Amino acid sequence: MFPKVRYKSYDPIERCEEYVYQGSYDKVFVGSGLIGELDHYLSEGAFNLCFPYFGSCTGLEIIALSGKVPEVVFIETNYIFKGSDKELVTRIFEKQWRKLRQVAPSFLKKNRPDSLIKSAVRQLSNARRPEITSPDFGRLNTEELDRFYRIYNEQIDTHHFGYILEELEKHLEYIRAQGCQIVFFEMPVHKDLYHSKLLEYQRSTLKALFNDKNYHWIESGQLHDYQTIDGIHLTKESMYRYANFLMQNKRTLLT
């Protein structure tokens, strides 16, 4: 027998399957790996569809294709320019496997023997590993910041971004038609990146396209008060503060 372990979504496939085939949620956050740590702050009935290296477009497509539309969806805007992970979406909704996953949970990735073993080993390893605070914990990696600065100030492919926005708008129209509230928010980044070509263009384009559609926007006038480890990923302390800010605004919007 495999040891009983508490399940946690460790990769994009497991996270998608958990949402599509398992639970029922009334509030869903979609975004990139920048919101991965929100898992620790979400209340009962909320789910985090975050996808490292991609972002909100993948989560919104998963919601639309699954037909499991929540009451509210919170959309992180930072990585919308990455579009949707089409390979992942195809794997999740393969016709020959979808019905089996719906009726037989053993076909879900998290329930396969190799996944159970890895989960058990990971849990045991984490339990035995002493908590060590690195002397560089929270210190800004300026080399990574410089790398992101170059990337975020490259020439923007406006044609490709336009295609991404068309698809995004299509999924949002479907989701909103089901009675879902739409809320946009931007994760804090280093001040040198906040005004980069890419984020400025993306921010203004999203506002121009969606500002008059009765969507909500959570905006902080103190984005520069948060610290990052590399320009885009918040330190644990800053993540704690921003998550609390986000949750407070979530409660205000929904009351």
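Helix α10 (residues 236-253) has 18 residues and spans 25 Å from its first C-alpha to its last, close to the 26 Å expected at 1.5 Å a residue. Helices (H or I, at least four residues) and strands (E, at least two) are DSSP runs, numbered from the N terminus, and the expected span is 1.5 Å times one less than the number of residues. The model is predicted: local features need pLDDT of at least 70, side-chain atom pairs count only at pLDDT 80 or more, and totals for chains, interfaces and linings use all residues. Residues are numbered from 1 along each chain as its sequence is written, and side-chain values use heavy atoms, with hydrogens and water left out.

**Exercise 1.** Find which residues of α10 are buried, and state what they pack against.

*Solution.* 
1. Buried means under 20% relative accessible area, exposed over 50%, and partly exposed in between (1.4 Å probe, protein chains only).
2. The buried residues of α10 are S238, M239, Y242, A243, L246, M247 and K250.
3. They lie on the same side of α10, because they cover an arc of only 160° around the axis. The arc is taken from the directions from the helix axis to the C-beta atoms.
4. The general rule is that an α-helix has 3.6 residues a turn, so residues three or four places apart point the same way.
5. The buried residues of α10 pack against the strands β1 (27-31), β3 (72-76), β4 (181-185) and β5 (216-218), where contact means heavy atoms within 4.5 Å.

**Exercise 2.** Describe the salt bridge between E167 and K86, and name the network that holds both residues.

*Solution.* 
1. A salt bridge is a side-chain nitrogen of Lys or Arg within 4 Å of a carboxyl oxygen of Asp or Glu.
2. In the pair E167 and K86, the closest N and O atoms are 2.8 Å apart.
3. E167 lies in helix α7 (residues 158-177) and K86 in helix α3 (residues 86-92), so the pair ties together parts 81 residues apart in sequence.
4. E167 is buried at 17% relative accessibility, whereas K86 is partly exposed at 34%.
5. Salt bridges link E61, K86 and E167 in a network.
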